[in-house]
Amino acid sequence: MVACGNEPEVIEDMGDASFQLVNQDSTEVIFPDDFSDKYIVMGFIYTNCPDICSLITQNLVKIQKGMNYPDDVQFVAATFDPVRDRPSVLKKYGNAFKVGKNFTFLTGDSTEVFALMDSARVRSQVSMRDTTSDGRELYFINHSDKIMVLNKEAEVIFEYGGSMPMIPSLVIEDLNKVR
Amino acid sequence: MRFLTIYFLLGFLLISGCAEEQQPTVNNEIVERVRPAAQGGTTAAYFVYENTYPGTDTLRVLRSDIAEVIQVHETYKTEDGMMGMREQQEIVVPEGEVVEFRQGGLHVMLISLKNELAEGDSVTIEMKWSGAGQVQKKLPVQP
């Protein structure tokens with residue numbers, strides 16, 4: 001969605017927000033401040049979701065590859081399951097997708113994570129619960145299916161259904177119009 | 001050969017974790033594979049099964065040495081627009097038809113993996129059908 005000229009409409013301004021999170025290496029990340037000089041392509045996932053969330057992650061990887069790993073674009077996958085998706089889990093998950101540099105996974109304290117999700121208008125809700133034979137609880141999560149793009153002012157300027165197959169080409173096309 | 005949506009499942013899959021070269025099969029536009037995943041994580045298997053048994057067949061058991069829990073899930077959109085997964089308790093396939101375990105639809109969940117699954121490994125899924133009996137499906141691990 002591009003308004004007059006090449007300036008897209010601002011969907012949400014996250015410029016005043018500040019979320020204290022950690023990445024897959026357990027390094028603190030202040031979002032979005034730490035990426036203030038870059039466009040951000042961001043998806044929302046949890047690692048125990050191998051179907052839709054894998055498609056979202058795969059689309060982020062395809063966008064990055066399709067843009068030839070640009071230095072001015074930060075790729076982010078934020079989890080809405082911070083209890084299970086600790087940094088080490090996200091690190092292994094990222095390795096399975098062979099993510100490149102400028103690709104960060106975000107997790108952290110539940111309060112901060114869900115504040116970020118609220119700000120990004122990403123919904124999640126525990127749905128199905130199960131128990132393993134040794135008594136461990138399993139659960140799955142219903143969630144928004146979203147990839148969004150933020151400009152260098154941390155304004156959300158594009159949103160997409162994150163798992164859809166045509167998303168990488170759309171994101172690349174839209175980003176190339178505004179970069 | 002028509003596609004059919006289905007019902008039921010329990011667990012019986014086997015893994016051979018050896019690294020061997022395998023090309024994924026593209027069957028009815030489904031890339032048959034198991035996604036790479038970390039030990040303790042969850043992954044999905046995608047493949048097509050054709051019922052060549054002379055009659056309607058029902059999947060009774062799945063088993064795996066690699067996962068603590070195996071289920072068939074269906075990805076769906078909730079009434080309020082969220083994406084979710086729900087377990088499918090019954091898989092029934094009429095004679096001559098196929099069941100598709102595909103991305104974004106019905107798929108086999110391998111939950112709480114006992115070992116890492118890396119690209120180059122392979123997974124053998126063992127299914128026990130009421131009519132066809134035991135059937136194996138060997139799948140490559142790839143993204």
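Which residues of helix 2 of chain A are buried? They are Val89(A), Leu90(A), Tyr93(A), Gly94(A) and Ala96(A). Seen down the axis of helix 2 of chain A, these buried residues fall within an arc of 155°, so they line one face of the helix. Please keep in mind that this is a predicted model.

- Six strands of chain A make up an open sheet, in the order 1-10-9-4-5-6, and their pairing is mixed.
- Strand 1 (12–13) and strand 6 of chain A stand at the edges with a single partner strand each, so one side of each has no neighbour in the sheet.
- Strand 4 and strand 5 of chain A run parallel and are joined by seven bridges.
- Within this pair, Tyr39(A) has Val73(A) in strand 5 of chain A as its bridge partner.
- Helix 1 of chain A packs on the sheet, where it touches strand 4, strand 5, strand 6 and strand 9 of chain A. The direction of helix 1 makes about 160° with that of strand 4 of chain A.

**Helix 2 of chain A and its end**

- The cover over the buried residues of helix 2 of chain A includes strand 5 and strand 6 (103–106) of chain A.
- Lys91(A) also belongs to helix 2 of chain A, which spans residues 87–97. Lys91(A) counts as partly exposed because it has 15 C-beta neighbours inside 10 Å.
- Leaving aside residues up to four places away in sequence, Lys91(A) touches Gln24(A) and Asp25(A).
- Lys91(A) and Ser124(A) are 33 residues apart along the chain, and their C-alpha atoms are separated by 22 Å.
- Just after helix 2 of chain A comes Lys98(A), with a positive phi of about 55°.

**Helix 4 of chain A**

- Ile167(A), Pro168(A), Val171(A) and Leu175(A) are the buried residues of helix 4 of chain A. They cover an arc of only 95° around the axis, which puts them on the same side of helix 4 of chain A.
- Ser169(A), Glu173(A) and Asn176(A) are exposed on the other side of helix 4 of chain A.
- Covering the buried residues of helix 4 of chain A are, among others, strand 4 (39–45), helix 1 (52–66), strand 5 (73–79), strand 9 (146–150) and strand 10 (155–161) of chain A.

**Backbone points to look at in chain A**

- In general, most residues other than glycine have a negative phi, and most peptide bonds are trans.
- Lys98(A) has its positive phi although it is not a glycine. Lys98(A) is found in the loop between helix 2 and strand 6 of chain A, and it is exposed, with 12 other C-beta atoms within 10 Å.
- Ala154(A) is a residue other than glycine with a positive phi, near 65°. Its place is in the loop between strand 9 and strand 10 of chain A.
- Ala154(A) is buried, with 20 other C-beta atoms within 10 Å.
- Phe31(A) and Pro32(A) are joined by a cis peptide bond, with omega about 0°. Pro32(A) lies in the loop between strand 3 (28–31) and strand 4 of chain A.

**Chain B on its own**

- Chain B has zero helices and 12 strands.
- Of its 143 residues, 38% count as buried.
- Among contacts in chain B between residues at least 6 apart in sequence, 75% join residues at least 24 apart.
- Strand 6 and strand 7 of chain B pair in the antiparallel sense over five bridges. Tyr76(B) has Gly84(B) in strand 7 of chain B as its bridge partner.
- The hairpin of strand 6 and strand 7 of chain B has five residues between the strands, and there Gly81(B) takes a positive phi near 90°.

**Where chain B meets chain A**

- 25 residues of chain B are in contact with 25 residues of chain A.
- On the chain B side, the elements that give two or more residues are strand 4 (43–50), strand 6 (67–77), strand 7 (83–87) and strand 10 (106–113) of chain B.
- Strand 7 of chain B provides the largest share of that side, five residues.
- The residues of the side of chain B that touches chain A divide into 11 nonpolar, 10 polar and four charged.

Notes
Residues numbered from 1 in each chain as written. Chains lettered and ligands numbered in written order. Predicted model: local features only at pLDDT ≥ 70, side-chain atom pairs only at ≥ 80, totals over all residues. Helix = DSSP H or I, 4+ residues; strand = E, 2+ residues; numbered from the N terminus. Arc of directions from axis to C-beta. Contact = placed C-beta atoms within 7 Å. Nonpolar A, V, L, I, M, F, W, Y, C, P; charged D, E, K, R; others polar. Pairing = 2+ DSSP bridges. Axes fitted to C-alpha atoms, helices over the stretch in contact; angles between N-to-C directions.
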